[in-house]
Amino acid sequence: MKIGIIKERKSPPDRRVVLTPNQITKALQNHSTLEIVVESSDIRIYNDQSYIDQNIEVSVDLHDADVLIGVKEVPVENLIPNKTYLFFSHTIKEQEHNRKLLKGCLEKNIRLIDHETLVEANGTRIIGFGRYAGIVGAYNTMRAFGLKYELFTLPKAETMLHKEDLIKRLKKEFFPPIKIVVTGNGKVAHGIIEILNGMKVKKVSIDHFLTQKYDIPVYTQIETMDYYKRIDGLEATKADFYANPEAYTSNFERFSKVADILIAGHFHKHGAPKILTREMLMATDNAIKVVGDVSCDVDHGPIDCTLKASTIADPFFGYYPKENKEVEFDHPAAITVMSVDNLPCELPRDASEGFGEVFLERVLPAFFNNDADGILKRATITENGKLTPRFAYLQDYVDNK
């Protein structure tokens, strides 16, 4: 089997790669029938020469590869027909901007496997950049706080190489006794917590967070049942919430009254109610001043101040709740919002290394053991010109109905 590592063509440029030179060398040693060719790229964090130095083939033509692997969406015009592709397609939530891509995969008879849909039998995600989104998102949020109040000026994350560099810079700065609330308990939230713990922010219980005052920065971590409640007041459980999200409403206002910063790292179920509403942010007793929306669900998302996805070049904007509009990030009456939707791009070396490690251990073997655990089968969205049964719900999306 021959694998091609494709050049990233989406704009703005993404410097990440699925496999580093060292990881490709290891893969070739572990699988005697494997061949790998790397498409030449002038933007990748590992340049062409770093692959050539390890005797890895670099080419401008991947037509003889069986499987083509990348990070971000592939432009339809660059899809090679009748191949297997692995990349983040951003189609499974029926994202409007990628309908053309999914249709292109069907029309070109492509077997599309999405990194996001690579899951264990119990549905647990196998691979992703979520941890690095959390790491960079937390750093950016604290950077936004410093800029908003003219306390300090941190460099952009993209100017540094590793997570440790981010923590080192944060530890140099003085933070007032702020309260930070973190939503979620997955890889994104864990990345956020790595930064907060690294900069020595004290973790406190939810009860103490809501009721106590501190003379140092503190944070608390909350999950689904901490920020949602049943509308009818009956017992709320996670299983019931996922089965009946329409029966729930936000219980987050108790946090918005005491938290200075929200860093959102939760998974938002489609159809679930909002978490942080405009009404909460307009309230006279609202305490939230900065929102780092790492999850960044823009269309009908749970955080009302996330009006758009911001960019690495321009990561912050202001939200003026009274008029529900965007203003300058440092407007005195605004909530400062950080909602960059491609955060791992700011730490491309760390993110690539972490992603590749899991890909080598959990995904690549499936191509050589006849997919014994069903990993590839569960993740396949299109095959033989059709949607697979698992993703048949996307047919109306494809048909634009």
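Student: Where is Gly146 placed?

Tutor: Gly146 lies in helix α4, which covers residues 130-148. Keep in mind that this is a predicted model.

Student: OK, and is Gly146 buried or exposed?

Tutor: Gly146 is buried, because its relative accessibility is 0% and the cut-off for buried is under 20%.

Student: What does Gly146 touch, leaving out residues up to four places away in sequence?

Tutor: With those set aside, Gly146 touches Leu151 and Phe152.

Student: And what separation do the C-alpha atoms of Gly146 and Glu246 have?

Tutor: Those two C-alpha atoms are 38 Å apart, for residues that sit 100 apart along the chain.

Student: Switching to helix packing. How do α5 and α6 pack?

Tutor: Helix α5 (residues 163-171) packs with helix α6 (residues 187-198) at about 45°, and their axes are 9 Å apart. That angle is why α5 counts as oblique to α6.

Student: Is the crossing left-handed or right-handed?

Tutor: Right-handed, as α5 passes α6.

Student: Which residues meet there?

Tutor: From α5 you have Lys163, Leu166, Ile167, Leu170 and Lys171, and on the α6 side they meet Glu194, Ile195 and Gly198. By type, the residues of this α5 and α6 contact split into 4 nonpolar, 1 polar and 3 charged.

Student: Now α3. Which of its residues are buried?

Tutor: In α3 the buried ones are Arg99, Leu101, Leu102, Gly104, Cys105 and Leu106. For Cys105, the relative accessible area is 0%.

Student: What do the buried residues of α3 pack against?

Tutor: They pack against the strands β5 (84-87), β6, β17 (380-383) and β18 (386-387), plus helix α14 (395-399).

Student: And what follows α3?

Tutor: Asn109 follows α3, and its phi is positive, near 55°. Asn109 sits in the loop between α3 (99-107) and β6 (111-114).

Student: Is Asn109 buried, exposed or partly exposed?

Tutor: Partly exposed, because its relative accessible area is 32%, between the cut-offs of 20% and 50%.

Student: Where is Asn55 found?

Tutor: Asn55 is in the loop between α2 (48-52) and β3 (57-59). With a relative accessible area of 74%, Asn55 is exposed.

Student: What about the peptide bond between Ser11 and Pro12, cis or trans?

Tutor: The bond joining Ser11 and Pro12 is cis, with omega about 5°. Pro12 falls in the loop between β1 (2-5) and α1 (21-30). For background, most peptide bonds are trans.

Student: Last topic, cysteines. How many disulfides are there?

Tutor: The count is 0 disulfides, with the cut-off for a sulfur pair set at within 2.5 Å. Cys305, for one, is in no disulfide, and the nearest cysteine sulfur, that of Cys296, is 11 Å away.

Student: Is Cys305 buried or exposed?

Tutor: Cys305 counts as buried, because its relative accessibility is 0%.

Key:
Residues are numbered from 1 along each chain as its sequence is written. This is a predicted model: local features need pLDDT of at least 70, side-chain atom pairs count only at pLDDT 80 or more; totals for chains, interfaces and linings use all residues. Side-chain values use heavy atoms; hydrogens and water are left out. Buried means under 20% relative accessible area, exposed over 50%, partly exposed in between (1.4 Å probe, protein chains only). Axes are lines fitted to C-alpha atoms, for helices over the stretch in contact, and angles run from 0 to 180 degrees between N-to-C directions. Helices (H or I, at least four residues) and strands (E, at least two) are DSSP runs, numbered from the N terminus. Angles under 35 degrees count as roughly parallel, over 145 as roughly antiparallel, 65 to 115 as roughly perpendicular and the rest as oblique. A crossing is left-handed if the near helix is turned anticlockwise from the far one by less than a right angle, and right-handed if clockwise. Contact means heavy atoms within 4.5 Å. Ala, Val, Leu, Ile, Met, Phe, Trp, Tyr, Cys and Pro count as nonpolar, Asp, Glu, Lys and Arg as charged, and the others, Gly among them, as polar.
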